[in-house]
Amino acid sequence: MDAPDTLTAPRGNTRTDTAGRPAREGGERRLDGLLFFPVTPFAPGGEVDEDLLARHIDDGVKAGAGAVFVACGTGEFPALSLEEIEACTRVAVAATAGRVPVYAAAGGPLPIARSQARCAERVGADGLLLLPPYLVSSPPQGLLRYVEEVAAASALPVIVYQRANAVLTPHSAAELTRLPGVIGIKDGLGDMELMHRIVRAVRREAGEDFLFFNGLPTAEMTMHAYRAMGVPLYSSAAFAFAPEVALDFHRAFTGGDDARARLLLDEFFVPLVTLRNEVPGYAVSLVKAGVRMRGLPVGGVRAPLMDPTPAHLDRLEKLVDHGLRLVTA
């Protein structure tokens, strides 16, 4: 049975639900539709441009984003200071004005991640996306302890980002569902066999309400496989710079128009992935370049990322133009 394509993300003090698992009381926000990961604009002097960020987020929400994940991977989380992440989250909360949920980033060294969680709560975020701890590998129980300690730093619901050195086993994923405040897993690993076992283990433990979403770069490429294992929700990097194309694919995918989805995959997303894979870090750099191409002067990326070369920018521009023609046709 497929997982639901919406999630109620509770807020407030911990309690125990009817199945005996930790839960939250308070208001509710839903995750649905395309999940939007905005870029972080930088002014000519290098500082975060809050006005441009507000405009970028407002444009995305008006275009049809289902939620905003601010200052996360596409937003150059590793290159931002604690103060900048807090400012970006504050801007996102104000720009969305309650129209969609706002999730803020936390991660890295434990004390910093806990501080980020408290900052996100203070400025009004609806939840946290918890990125991996800094560099170190650990046994599954160590990763669970990391998640538990960050989650305890605020009353915000937490989605755990599986990737790099934060890889769950089916058993530890089932244990994760028992931690207070943890409501979901974003998969950025792409190990389909492992992910299928994780989904099955979690559904046996926690039922259908625990959230999963596909967070791979250019997630559209793998969504048919994820849906088959019960994960119909995904984030779209392309939405940040080509929302028309991203939404057209989403309509085709959710509406069962497989021919339309295949066309967009073959003529837009496959060439985008081909270009993305030519240089490490292009999963972020190309997105930011695409936003600039569409008229928002968000600046370049911070080191160690590199902006695309002129030749790659030319290929990206032609691809975006072709994608927009596909949509209008």
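Tutor: The loop between strand 6 (67-70) and helix 2 is the place of Glu76, and in this predicted model the backbone there deserves attention, since Glu76 is not a glycine and yet has a positive phi of about 65°. Glu76 also counts as buried, because its relative accessibility is 3% and the cut-off for that class is under 20%.

Apart from neighbours within four places in sequence, Glu84 is in contact with Val48, Ala79 and Arg302.

A further backbone feature is the peptide bond from Ala303 to Pro304, which is cis, with omega near 10°. Pro304 belongs to the loop that runs between helix 10 (282-293) and helix 11 (310-328).

A second residue that is not a glycine but has a positive phi is Thr218, with a value of about 50°. Thr218 sits in the loop between strand 11 (211-214) and helix 7 (223-228), and with a relative accessible area of 8% Thr218 is buried.

Once its neighbours within four places in sequence are set aside, Arg114 is in contact with Glu149, Val150 and Ala153. From Arg114 to Gly33 the separation is 81 residues in sequence and 29 Å in space, C-alpha to C-alpha.

These details can be set against the whole protein, which has 11 helices and 11 strands. Its radius of gyration is 19 Å, close to the 20 Å that the globule rule gives for 329 residues, so the protein is as compact as a globular protein of that length. Along the principal axes, the C-alpha atoms fill a box of roughly 55 × 45 × 35 Å. Buried residues account for 56% of the 329 residues, and of the contacts with a separation of 6 or more, 72% are between residues 24 or more positions apart. The accessible surface comes to about 13500 Å², with 54% of it belonging to carbon and sulfur atoms, while the mean positions of the 33 positive and 39 negative charges lie 2 Å apart.

Methods:
Residues are numbered from 1 along each chain as its sequence is written. This is a predicted model: local features need pLDDT of at least 70, side-chain atom pairs count only at pLDDT 80 or more; totals for chains, interfaces and linings use all residues. Side-chain values use heavy atoms; hydrogens and water are left out. Helices (H or I, at least four residues) and strands (E, at least two) are DSSP runs, numbered from the N terminus. The radius of gyration is taken over C-alpha atoms; the globule rule is 2.2 Å times the number of residues to the power 0.38. Buried means under 20% relative accessible area, exposed over 50%, partly exposed in between (1.4 Å probe, protein chains only). Contact means heavy atoms within 4.5 Å. Accessible areas come from the Shrake-Rupley method with a 1.4 Å probe; for residues, only the protein chains shown count as cover. Lys and Arg count as positive and Asp and Glu as negative; His and the chain ends are not counted. The place of a charge is taken as NZ of Lys, CZ of Arg, CG of Asp or CD of Glu.
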